[in-house]
Amino acid sequence: MSSPKFDSYDWENDPNWKEFTGTSTSINKLKEEYFKKNIDPNYKSSNNNNTTTQRPSASTSSPRTSSTSSTSTTTTRPKPTFRRFLYGAWVIAQTSVIFFTLFYFISGNPYFFYKALLGATIAYSIPIFNTFEGRKPDRALAAQLVQNENAQFVFYCMIFYFLGSSSLVYLLPNFIYSFFHILKLVIPYTARVPFIKNLLEKVNSTNTKAIDFAISVEINIVLIAFFGIFSSFSNILLVFIYFRYLKLRYQFSQKIKSKINEYSQIVDQLSAHPSCPTFIRNIIPKIKMLLSPLTLDACCYRLFCLPECFAFISGGIHQFESRDNAEYLDQKGGIIERYKDLAKQNNIWLSLGGFHEKIKDDPNDMIYNTHLIIDSNGVIISEYRKMHLFDVDIPSKGVKMNESKVVKGGNDLVVCDSPVGKLGLSICYDLRFPELYLSLRRMDAQILLVPSAFMKSTDHHSKRSSYGHSMIIDLWGKVLHDLPDNVNDIAFVDIDLDYISTCRENIPVFNHKKLNNYKI
């Protein structure tokens with residue numbers, strides 16, 4: 001029996017044909033595909049040319065474009081009407097933000113304030129629709145929405161639409177963003193009027209500074225809202241929710257993060273200046289402590305560093321108190337167990353050093369001065385025992401210390417991995433021995449931690465004085481933070497491992513060392 005011919009095949013009475021058909025490809029092509037697969041494997045299509053259909057790119061100018069060659073034909077369909085509608089709606093919404101903000105500025109009528117926020121909400125929502133159209137709601141989608149900048153700005157608008165009193169300050173970021181969006185669209189249409197085109201291009205050249213200003217306003221709004229509580233300009237709920245918004249922005253916006261860290265460094269420098277009034281110097285740490293969760297809670301990876309003797313401090317003739325208050329690292333209900341819980345509860349890494357660690361079954365009842373690294377799961381991942389012990393007698397300064405009376409020195413160098421980079425561990429007096437840090441560098445340490453309780457003649461402690469001045473120093477020796485003495489404060493810094501690598505590549509000092517020639 002001969003095989004049936006394609007053109008004469010009884011498609012209507014084939015029970016499997018309907019299951020094979022679909023709407024995404026032409027019926028004729030489906031028929032050919034089905035016939036070859038199920039009826040006649042030797043069948044060859046009479047159409048030797050391949051035909052494909054594509055969506056137009058953003059640069060497509062004509063509604064329909066076709067290009068034909070000897071082997072293929074490509075046809076682009078016009079952009080769907082709904083897409084054009086969304087684009088038009090986006091332009092109108094951005095324009096409304098500009099005009100309603102200006103109307104509010106001129107008249108002071110709250111009606112225009114809320115219309116400007118509504119326009120901004122629509123303008124930010126449209127790109128979200130384009131990005132997530134057709135996606136099934138799930139946790140992955142929710143996570144991406146949280147990171148989406150347009151979604152964050154929708155949140156911003158909703159905060160002030162429902163909770164904020166009308167204020168031009170709240171509208172400024174949206175106005176700046178919308179203004180430069182529309183300006184870019186307008187400039188090409190002014191080509192026939194060079195004067196206008198040049199003027200608009202000059203204005204557009206200020207885009208970077210204007211955006212930087214808008215970011216500054218976003219950050220400062222939290223302070224405006226906070227102090228506005230006392231004048232009934234804002235309320236506690238507004239401050240709390242906006243604070244959460246700013247934490248979100250800090251986590252996912254590098255510009256916001258950089259600006260906040262820049263402000264933090266400026267405040268540190270001003271408060272440390274001798275001319276800074278005492279009452280301001282005292283209130284600044286309190287404000288920073290209030291705002292510190294903004295940076296502490298928002299970071300993806302966090303390392304919180306405490307100084308030497310963070311749990312207990314003594315010294316001089318009282319140094320045996322260190323031994324009396326020492327604990328085992330695994331002691332139930334002990335200090336380290338509590339810090340482990342703290343790390344786990346707050347999802348942070350801890351650098352704790354030095355800690356007075358009891359030595360099990362030590363015949364001389366000695367202790368270690370130990371630097372610990374605890375991860376965000378509450379697990380001790382590294383232990384460094386202080387190697388160089390502080391045994392000094394300086395009569396002219398009234399300093400006498402004999403650390404080795406109660407402390408047993410360690411022998412092992414420690415470099416450990418962490419989310420912020422490879423950590424080289426040391427403690428206080430170790431700083432006097434450059435060979436130690438050369439060795440840590442050879443072990444690929446990227447960050448050197450030196451928790452210390454350097455001595456100073458102050459009233460810091462009735463039995464022991466410490467210098468304070470916790471510092472963060474970059475690899476060029478630039479002091480990024482120097483916390484004031486006798487002030488409870490926290491310094492924050494972003495660690496850029498790429499910057500460290502670049503500096504080492506630019507001046508490869510380590511490659512130039514003649515280690516075999518040095519006699520130590």
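Trainee: What pLDDT does the protein chain average?
Mentor: This is a predicted model, and the protein chain has an average pLDDT of 80, with 79% of the residues scoring at least 70.

Trainee: Which elements have the lowest and the highest mean pLDDT?
Mentor: Strand β1, residues 50-54, is the lowest at 36, and strand β11, residues 423-425, is the highest at 96.

Trainee: Where is the pLDDT below 50?
Mentor: One such stretch is residues 48-79, which has 34 contacts in the model beyond near neighbours in sequence. Where pLDDT is low, the predicted coordinates should not be read in detail.

Trainee: Turning to helix packing, at what angle do α7 and α9 pack?
Mentor: Helix α7 (residues 168-186) and helix α9 (residues 207-228) pack at about 160 degrees, and their axes are 8 Å apart. The angle is over 145 degrees, so α7 is roughly antiparallel to α9. The crossing is left-handed.

Trainee: Which residues meet there?
Mentor: Among them are L172, I176 and F180 in α7, and I211, A214 and I221 in α9. By class, this contact has 15 nonpolar, one polar and two charged residues.

Trainee: And how do the axes of α6 and α10 cross?
Mentor: The axes of helix α6 (residues 149-162) and helix α10 (residues 236-252) cross at roughly 165 degrees and come within 10 Å. The two helices are therefore roughly antiparallel, and their crossing is left-handed.

Trainee: What makes up that contact?
Mentor: The contributing residues include F153, Y156 and F160 of α6 and Y242, Y245 and F252 of α10. The contact of α6 with α10 comprises 11 nonpolar, one polar and two charged residues.

Technical notes
Residues are numbered from 1 along each chain as its sequence is written. This is a predicted model: local features need pLDDT of at least 70, side-chain atom pairs count only at pLDDT 80 or more; totals for chains, interfaces and linings use all residues. Side-chain values use heavy atoms; hydrogens and water are left out. pLDDT is the predictor's confidence in each residue, from 0 to 100. Helices (H or I, at least four residues) and strands (E, at least two) are DSSP runs, numbered from the N terminus. Contact means heavy atoms within 4.5 Å. Axes are lines fitted to C-alpha atoms, for helices over the stretch in contact, and angles run from 0 to 180 degrees between N-to-C directions. Angles under 35 degrees count as roughly parallel, over 145 as roughly antiparallel, 65 to 115 as roughly perpendicular and the rest as oblique. A crossing is left-handed if the near helix is turned anticlockwise from the far one by less than a right angle, and right-handed if clockwise. Ala, Val, Leu, Ile, Met, Phe, Trp, Tyr, Cys and Pro count as nonpolar, Asp, Glu, Lys and Arg as charged, and the others, Gly among them, as polar.
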